[in-house]
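Please have a look at the sequence and structure first.

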Amino acid sequence: MELFRPSDFTILIVDDEPDILDVVAYNLQQEGYRVLQARTGESGLEMARRERPSLIVLDLMLPDLPGVEICRSLRAHPATARIPIVMLTARAGEVDRVSGFESGADDYVTKPFSVRELALRIRARLRSGPQAADEARAESPIRIGKLEVIPQAHRVLVEGAEVHLSLLEFKLLLHLIERRGRVQSRESLLGEVWGYSAEATSRTIDTHVKRLRDKLGPAGDYVETIRGVGYMFAASLADE
């Protein structure tokens, strides 16, 4: 198995607080990452589209554009849709966390924070990225009803039209497909899809499932709610 090498990855930090920007950048550079910095939302968006970083650390409150708006813009563009995004913000309320996840964030770290914890979360996201998942799965596309999933290319098509999912949405869909016809509790999804994240809650899962269904359109019903338990990729519906 290939060793994880931080030097293979580029991290973009978008934050308007110079002290936080400098501290996070310094520590990530010490880890071996290539680090890019932006102090406004506009410059962060431009840099993300130009440089295609491996991961983005994004402040929720910026002087020109809200972080959730930047997150949505990144998710809406095919070139940046699959880049993991870690929200970094002083807003610690549940509403703010849900808003961040609804916009497409993959993780959420509140200020004040431990730089070491942030670095560990970044490493975990990069290690569980699409390239790692691709190596563990067969290369052939998965075709079920109106849905086609191409794991190694991180692509999803519904009735032949491509659907752009975030990394977490893609992982959630693939996790449910691989356990087709079996109910997955919210607790198991938290452990197996979100992993270590202390910020993830049952509400987080519900938010991601709703957004996933919306994006899947006519195939959204394949993801079935099992009241009081969790979710299941419904084999019977997909076979129709």
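This is a predicted model: local features need pLDDT of at least 70, side-chain atom pairs count only at pLDDT 80 or more; totals for chains, interfaces and linings use all residues.

1. Residues are numbered from 1 along each chain as its sequence is written, and side-chain values use heavy atoms, with hydrogens and water left out.

2. Start with helix 7 (residues 167–178) and helix 9 (residues 202–216), whose axes come within 10 Å and cross at roughly 85°. Helix 7 and helix 9 are therefore roughly perpendicular to each other (the term covers angles of 65 to 115 degrees).

3. Which residues of helix 7 and helix 9 make the contact? Helix 7 brings Leu-168, Glu-169, Leu-172 and Leu-173, and helix 9 brings His-208, Val-209, Arg-211, Leu-212, Lys-215 and Leu-216 (contact means heavy atoms within 4.5 Å). Sorted by class, this contact has six nonpolar, one polar and three charged residues.

4. Next, the structure holds two cavities of 30 Å³ or more (on a 1 Å grid over the protein atoms alone, a cavity is a set of points where a 1.4 Å probe fits but cannot get out). The second largest cavity has a volume of about 30 Å³.

5. Lining the second largest cavity are residues including Leu-12, Gly-44, Ile-56 and Leu-74 (lining residues have an atom within 4 Å of a point). Helix 2 gives the largest share of this lining, three residues. By class, the lining has eight nonpolar, one polar and no charged residues.

Note on methods
Axes are lines fitted to C-alpha atoms, for helices over the stretch in contact, and angles run from 0 to 180 degrees between N-to-C directions. Helices (H or I, at least four residues) and strands (E, at least two) are DSSP runs, numbered from the N terminus. Angles under 35 degrees count as roughly parallel, over 145 as roughly antiparallel, 65 to 115 as roughly perpendicular and the rest as oblique. Ala, Val, Leu, Ile, Met, Phe, Trp, Tyr, Cys and Pro count as nonpolar, Asp, Glu, Lys and Arg as charged, and the others, Gly among them, as polar. On a 1 Å grid over the protein atoms alone, a cavity is a set of points where a 1.4 Å probe fits but cannot get out, and a pocket is an open set with protein on both sides within 12 Å along at least five of seven lines; lining residues have an atom within 4 Å of a point. Grid points are joined across faces, edges and corners, and a volume is the space filled by probe spheres set on the points.
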